[in-house]
Amino acid sequence: MLYEYAASSPDRRAMVLFVLSAATISGAWFTEYGLGYIPCKLCLLQRWPYYFAVPLAAFAWVIAGPMKMSRAVRPAFAMLAAIFMISVALGVHHAGVEWGWWLGPADCGGRISAGPANVNDLLTAVNNTRIVSCIEAPFRILGLSLAGWNALISFVLATIAIRGWRS
């Protein structure tokens, strides 16, 4: 149903890409700030494609919509497809690390939220920082971790972007 709606015109494809991208990154932020789950290094890395995709999809939506520049939107769809394929690779990599299929980065750990003012503040922050491992999924939904869901969502978004580029 969503795919049929998105397939009907370039502006609808771009709108679907924008809305789903924004919803996905918003969900990541909600998980972190609303539910209190601290992201690992790979989780933070998986957000970068969305930081590029959301404004690019908004741009594509604008030029494909009221301006009716469907031909000019093709390069934007091509870039979005590439961005989401990178996101698929990042999600699959992180999910594979969580399942123990391959090793993750050796430096995967926590972060200090605010810059310390002095050495005592630094020591306090280090002692209070929870180290987050890349190999442990905080929770799973229908058997998939958030990294797995990111890979799946990114694949759907890449497919929509590829269809937009090819049409």
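1. First, a convention: axes here are lines fitted to C-alpha atoms, for helices over the stretch in contact, and angles run from 0 to 180 degrees between N-to-C directions. With that in hand, the axes of H4 and H6 come within 7 Å and cross at roughly 160 degrees. H4 and H6 are therefore roughly antiparallel to each other (the cut-off is over 145 degrees; under 35 is roughly parallel, 65 to 115 roughly perpendicular and the rest oblique). Their crossing is left-handed, meaning that the near helix is turned anticlockwise from the far one by less than a right angle.

2. A word on the source: this is a predicted model, where local features need pLDDT of at least 70 and side-chain atom pairs count only at pLDDT 80 or more, while totals for chains, interfaces and linings use all residues. Residues are numbered from 1 along each chain as its sequence is written, and side-chain values use heavy atoms, with hydrogens and water left out.

3. On the overall fold, the protein has six helices and zero strands (DSSP runs, H or I of at least four residues for helices and E of at least two for strands, numbered from the N terminus). Of its 167 residues, 35% count as buried, that is, under 20% relative accessible area with a 1.4 Å probe, protein chains only.

4. Now the other helix pair. H2 and H6 pack at about 165 degrees with their axes 10 Å apart, which makes H2 roughly antiparallel to H6. This crossing is left-handed. Among the H2 residues that meet H6 are Leu 17, Leu 20 and Thr 24; on the H6 side, they include Ile 153, Leu 157 and Ala 161.

5. Ser 87 deserves a look. This residue sits in helix H4 and is buried, at a relative accessible area of 0%. Its side chain makes a polar contact with that of Ser 154 (2.6 Å); such a contact is a pair of N or O atoms within 3.5 Å, and within protein one must be able to donate a hydrogen and the other to accept it, with sequence-adjacent residues counting only if both atoms are side-chain atoms.

Technical notes
Buried < 20%, exposed > 50% of the residue type's maximum accessible area, 1.4 Å probe, protein only. Contact = heavy atoms within 4.5 Å.
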